[in-house]
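The stops below go from one selection to the next.

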Amino acid sequence: MANRFWGRVVLVGAGPGDPELITVKGLRFLRSADVVIYDYLANERLLAEVPASAEKIYVGKQHGRHTLSQEQINHLLIEKARSHRLVVRLKGGDPFIFGRGGEEALALKEAGIPFEVVPGITAGAAVLTYAGIPASHRGLATSVSFITGHEDPTKESSDLDWPAIASMHGTLVFYMGLSNLPMIVNRLLENGRSPATPVALVRWGTTPCQQTVEGTLGNIVARVEAVGLKPPVIIVVGDVVALRQQINWFETKPLFGKRIVVTRSRSQISVLQSLLEALGAEILAFPTIEISEPKSWQPLDSAIQEISKYDWIVFTSVNGVDAFFQRLHAQDKDSRALDHNFICAIGPATAERLRAFGIKADMQPKEFVTESVVEEFQKLSDLKGKHILLPRADIARPLLKDELKRIGAAVTEVVAYRTRVDEGTSPEVLSKLRSGEVDIITFTSSSTVKNFVAKIGQENLTKWLSGVRIACIGPITSKTAAELGLQTHIMPDEYTIPALVQAIVEYMKGESEKQTKKTRNCSAKLCLPG
Ligand code: SAH
């Protein structure tokens, strides 16, 4: 039969949770996959890398509930490889460390399906690193053991050699051991380990929800119970745990443990998101705006056709710049067509986007509100009779156009893009808002506030947001928030995304550290083994 064994399977280690901890090779396979078969809580961000045309099949298990048995998963891999070019089997951590990757590889071998394995960073290494615990350390630990904690505690005899394990002077790392913690602790104590031996349990390591409980063999069971820790958890036993006091670099980030709702358009969320995440925050995306093409390109196209007639082009947003150059290129022109125009960029992000098209703005007002823009124009030149082109959003405030006209300019405003309410629902974010699990909501324009309030319902504002801090990018956004009944807590002096992030950090620094000890529900999505 043609193409009978055409496809191949690649077992890819997804890494421990932080989506950036996948390997370059793993990501390359993911990006060219035809089928992706993934486990319980595959990180959604990794799935976003998979081509839209690829088939995505979930085969995970959660709390013992299996979607498919291991046998069925093996069959599925073989069947998909027989009808597709590249099948990626995405597995949490490393496929060959407590991941049953070996069984899948054996099944593929037996079926004659070509396969490759891409290692991943295993939780037993990465989770320790993110908890500030070096797995080995001169003078403290000269070996590291990865041990299953999943043994049936009622079994008569253990497959594990506890006397040997207890006598090792290295670091012991238990996977899948949370429910057996009392048994693990007892075995180590019975076999001579001191009750003073340091122990740490790390839940959802490498994600913004990472939670660590520390203690000793003598007291850890009680401490873990008090906190109500839930899986997935790595257990670390050994003197190296004490180094965390000094090396704990991840959980001490300025926004670690803070849950922040980001309300920009889907395409724009990423800049703000990555800045906040780099500081340790957990981001809940709640897109309120959808950017789309104008109903007609005709006004912008005509303006571009006679572009040399304009003395100035004033860009007020990245979206405006993108739309303008898209249409310029569609007319088979490039930036050289603008050699007669002066260019004004409102806001550093707009200026930077222009630079990407080879344009250095002639004017970049220091403040980004209309009033100061007009003031700067007046300082710079006499605008009487000057032609100004304003490529903007359909809902842009008329103020800028009116003010420029008032000082004598001939202003042509064209719609370069439309903004609409993003109709998508975000049930997870709504439920976190409802249950008071959100720390901060960010608003970067008046429409984000208006659409947010419309989406959650005015009647729910006070009920849901009483404990939430509101961060607005500038005074106009903040004014809109106030009109809708939202008090602004955080606002930067400069109206930019980096300044907003900085203002959030400073505000949170000022707040007392109210660390909740309760086990949080985590929205990070991981790949755990099937
Ligand atoms: N193949 C995976 C391990 C799968 S076994 C790897 O190499 O990492 C599943 C166990 O891994 C969980 O019960 C837990 O002990 C551990 N684990 C995986 N990801 C984790 C994480 N982010 N935080 C804490 N433990 C994790």
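Predicted model: local features only at pLDDT ≥ 70, side-chain atom pairs only at ≥ 80, totals over all residues.

Trp162 has a relative accessible area of 5%, so with the limit for buried set at under 20%, Trp162 is buried. The rings of Trp162 and Phe174 form a stacked aromatic pair, with 5.9 Å between centres and 15° between planes. Colour by secondary structure: Trp162 belongs to helix α6 (residues 162–167) and Phe174 to strand β9 (residues 171–175), so the pair ties together parts 12 residues apart in sequence.

The model has 16 aromatic pairs in total. For a group of rings, select Tyr130, Trp249, Phe250 and Phe256, which form one aromatic cluster.

Two charged side chains come next. Show Arg28 with Phe29: the charged end of Arg28 sits over the Phe29 ring, 5.1 Å from its centre. Then show Lys455 with Phe286, where the charged end of Lys455 sits over the ring at 4.9 Å from its centre.

- Pro16: a backbone N or O atom, 2.9 Å from a ligand nitrogen.
- Ala123: a polar backbone atom, 2.8 Å from a ligand oxygen.
- Trp204: a backbone N or O atom, 3.4 Å from a ligand nitrogen.

Taken alone, the ligand exposes 550 Å², and the protein buries 95% of that.

Definitions and conventions:
Residues numbered from 1 in each chain as written. Heavy atoms only, no water. Polar contact = N/O pair within 3.5 Å; in protein donor to acceptor, adjacent residues only side chain to side chain. Areas by Shrake-Rupley, 256 points an atom, 1.4 Å probe, with all protein chains shown as cover. Phe/Tyr/Trp six-rings, centres within 6.5 Å; stacked < 30°, edge-to-face > 60°. Helix = DSSP H or I, 4+ residues; strand = E, 2+ residues; numbered from the N terminus. Buried < 20%, exposed > 50% of the residue type's maximum accessible area, 1.4 Å probe, protein only. Lys NZ or Arg CZ within 6 Å of the ring centre and 35° of its normal.
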